[in-house]
Amino acid sequence: MRTGKSDISGWLVRPAGRHPWAVLATVLAASAAHAARTTSDGGMDNAIVVRAARTWLAGGSPYDDPHFLYLPSAVLAAVPQALLPGAVLRVLVPCAVTVLLALAWACALRLHRVPLGSRLAVLGLTGLALGFAPFGHLVRLGNWTVTATVALPLALLLASRGRWTGAGVVIGAAVALKPLLAPVVLLFLFAGRWRALAAAVLVPALASAAAALAMPDPAGFFTRTLPFLLHGEDGFVRLYEASPAAVLPRLGVPPALAQGLAVAAASAGVLCAYRRWRRADPGPLRLAETGAGLMLSAFLVSRPSYDHYLLVALPLLLAGLPYAGSVARGAWFWIALVPQVPGLTWPWLEGERRRAFRDAFTLCVLAVTVARQARTGPAGADDRVPQGRSPEPERAPAAPF
């Protein structure tokens, strides 16, 4: 990490004063309070999972609702919420989502060895809450994407400290709640960490199998949910999807061609993520950029793919700002985020049903920006490492911290 006069890294990692923290606390409290005032059952998306759990408790199948897209293990995880009154969930869920988003940011900072009391810590989270629209969307919806938002930086933090099996357990637990982080198993494959890979696969498999035995429709996820996803869901949901496979047909591109282009882009992204991992330069950027690259590649082709999915990758990239050569030091990283600034008016894209075009721009530009990190490494970095080996990242210089 450079600390010269032209570099902002030293300023970013110095301790923040009390006033910025007071502003941050106010912003987060206001966001949660607004969500509690305008939603019920903790948000529209959380309500879907809670209804599924209540249906199961009443003896029905949670998969009777086609919008319940989770594994059977998520039903049991939602049971505690199903036992609470709606008035409690209305306040509890937005607060919990806000806390989990803050925890995700804290894990991303620690992965990059940035102190939690630093200026970047307070300004970064304030910027996400005020300047990144999907943050507020996720709080209002109560979507369980927040579990993946926490799990990915936490898993990478564990991996950076050599606790790869623990990282696999964290990813597996997140997949059991929502299968969003399934692409991260490729990281364990790249690193040759077979125990971590086994844990990431077995934890959700065993949890879902055990939960399915308690369901009246044990195979409902495969017989109902997967066909629903593979056929592009329904017309209403499709309007909010940000993947090229969903957006391009709205511009007149044949659906088959759009899907093919999305698959090709996602495959290229995975290849770039593999090359980024094989570059093997020291420091935390390797884990962060490989993990973010895999997830962004998956979002290019996955159905659904919503704006709040971006919060899975964005904290990892933003927390790397103090490091020279990081994604967040590039202009295109910030250009990609411009359509997500709340309050900006975009011609022909003002309506909620057209914001998917703005989300697709952000997703595609971020994916390309991260993929470009596979091309070159810092001076002196070793471009190749033996198969199955992954050197531990070096510690950042202690002076500016």
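The model is predicted. A search of the whole structure turns up 2 cavities of 30 Å³ or more.

**The largest cavity**

- Its volume is about 40 Å³.
- The residues lining the largest cavity are L101, W105, L125, L128, F135, T149, L311 and P315.
- Two elements, α5 (86–111) and α6 (119–131), each give two or more residues to this lining.
- Sorted by class, the lining of the largest cavity holds 7 nonpolar residues and 1 polar residue.
- No charged residues take part in the lining of the largest cavity.

**The second largest cavity**

- The second largest cavity holds about 30 Å³ of space.
- H112, L285, A288, E289, L316, L317, G320, S326 and V327 form its lining.
- At least two lining residues come from each of α16 (285–301) and α17 (314–318).
- Which element gives the most to the lining of the second largest cavity? That is α16, with 3 residues.
- By class, the lining of the second largest cavity has 5 nonpolar, 3 polar and 1 charged residues.

**The two linings in brief**

- For the largest cavity, the class counts are 7 nonpolar, 1 polar and no charged.
- For the second largest cavity, the counts are 5 nonpolar, 3 polar and 1 charged.

How values were computed:
Residues are numbered from 1 along each chain as its sequence is written. This is a predicted model: local features need pLDDT of at least 70, side-chain atom pairs count only at pLDDT 80 or more; totals for chains, interfaces and linings use all residues. Side-chain values use heavy atoms; hydrogens and water are left out. On a 1 Å grid over the protein atoms alone, a cavity is a set of points where a 1.4 Å probe fits but cannot get out, and a pocket is an open set with protein on both sides within 12 Å along at least five of seven lines; lining residues have an atom within 4 Å of a point. Grid points are joined across faces, edges and corners, and a volume is the space filled by probe spheres set on the points. Helices (H or I, at least four residues) and strands (E, at least two) are DSSP runs, numbered from the N terminus. Ala, Val, Leu, Ile, Met, Phe, Trp, Tyr, Cys and Pro count as nonpolar, Asp, Glu, Lys and Arg as charged, and the others, Gly among them, as polar.
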